[in-house]
Amino acid sequence: MKIKVINPNTTLAMTRGIEHAAKSKARPDTEILAVSPKMGPISIESYYDEYLSIPGVLEEIKHDDGADAFVIACYGDPGLQAAREFTDKPVIGIAEASLYLASTLSARFSVVTVLPRIKTMIEELVDSYGMSKRVVNVRTTPMCVIDFERDPERGMELLRAEGKRAVEEDDAEAILLGCAGMAEFADSLEEELGVPVIDGVVAAVKLAESIVDMGKKTSKAKTYKYPEKKEYTGALKQFGSMAVTSD
């Protein structure tokens with residue numbers, strides 16, 4: 001099978017790191033295609049960044065490159081619901097996948113992520129997935145997304161410290177890494193902290209493999225029906241022609 005992993009930001013070094021994480025746990029017969037959109041922010045750390053990343057994500061979904069499933073590799077799961085309207089193939093967000101996986105391995109867990117300003121964003125996302133009672137805390141670090149690429153040693157130090165506090169102070173029984181750029185730290189942190197540490201990229205890839213194996217597709221019964229054709233203007237003009245009718 002072929003899984004297209006979309007890094008919604010345009011930082012190619014991060015895309016390569018995401019690709020490495022996906023391939024490290026994917027089955028030998030699974031082809032991983034990791035891409036960044038042609039348009040969008042270099043990192044996603046605000047509502048503004050997130051919303052402006054969505055057109056690029058949708059463009060990559062539409063031009064599917066023969067993929068059997070898609071992974072949106074940003075912890076805000078930007079454009080996930082709209083992407084499911086664009087295709088009947090499975091589309092998995094890394095935050096959603098990590099939350100579902102964590103709930104099978106532990107009763108309560110904390111998220112460790114990047115800058116403090118996205119704490120509310122992740123709390124709202126967690127709530128939208130019905131996981132507010134399971135996520136006991138969203139912990140942040142002073143590093144932005146790109147900082148973890150530039151200074152992984154400092155990144156590991158901060159994740160270790162916040163992960164330790166999550167276990168000791170939050171009574172967290174698992175840790176979720178709240179950024180696709182943190183994938184490389186998961187195994188080492190799990191060994192040090194003594195609890196499951198879940199990277200969303202790997203979780204989403206394994207979930208995608210399972211769904212494809214089962215032959216399941218995105219329901220087109222109502223909510224995720226294909227977008228109706230209509231006119232879009234200005235910079236969004238191309239998205240009118242990208243829409244599909246279900247007739």
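Reply: Phe185 is buried, its relative accessible area being 4% (buried is under 20%, exposed over 50%, partly exposed in between, with a 1.4 Å probe and protein chains only). Phe148 is likewise buried, at 1%. The model is predicted, so local features need pLDDT of at least 70 and side-chain atom pairs pLDDT 80 or more, whereas totals for chains, interfaces and linings use all residues. Residues are numbered from 1 along each chain as its sequence is written, and side-chain values rest on heavy atoms, without hydrogens or water.

Three aromatic pairs occur in the structure (Phe, Tyr or six-membered Trp rings with centres within 6.5 Å; planes under 30 degrees apart are stacked, over 60 edge-to-face, the rest tilted). One of them joins Tyr47 and Tyr51: with 6.2 Å between the ring centres and 50° between the planes, the pair is tilted. Both residues belong to helix α2 (residues 47-62) and are four residues apart, about one turn of the helix (helices are DSSP runs of H or I, at least four residues; strands are E, at least two; both are numbered from the N terminus). Tyr47 is partly exposed at 34%, while Tyr51 is exposed at 52%.

Phe148 and Phe185 form an edge-to-face pair, 6.1 Å centre to centre with 65° between the planes. Phe148 is in helix α6 (residues 145-150) and Phe185 in the loop between β7 (175-177) and α8 (186-193), so this pair ties together parts 37 residues apart in sequence.

A further ring, that of Tyr226, has Lys220 over its face, 4.2 Å from the ring centre (the criterion is NZ of Lys or CZ of Arg within 6 Å of the centre and within 35 degrees of the ring normal).
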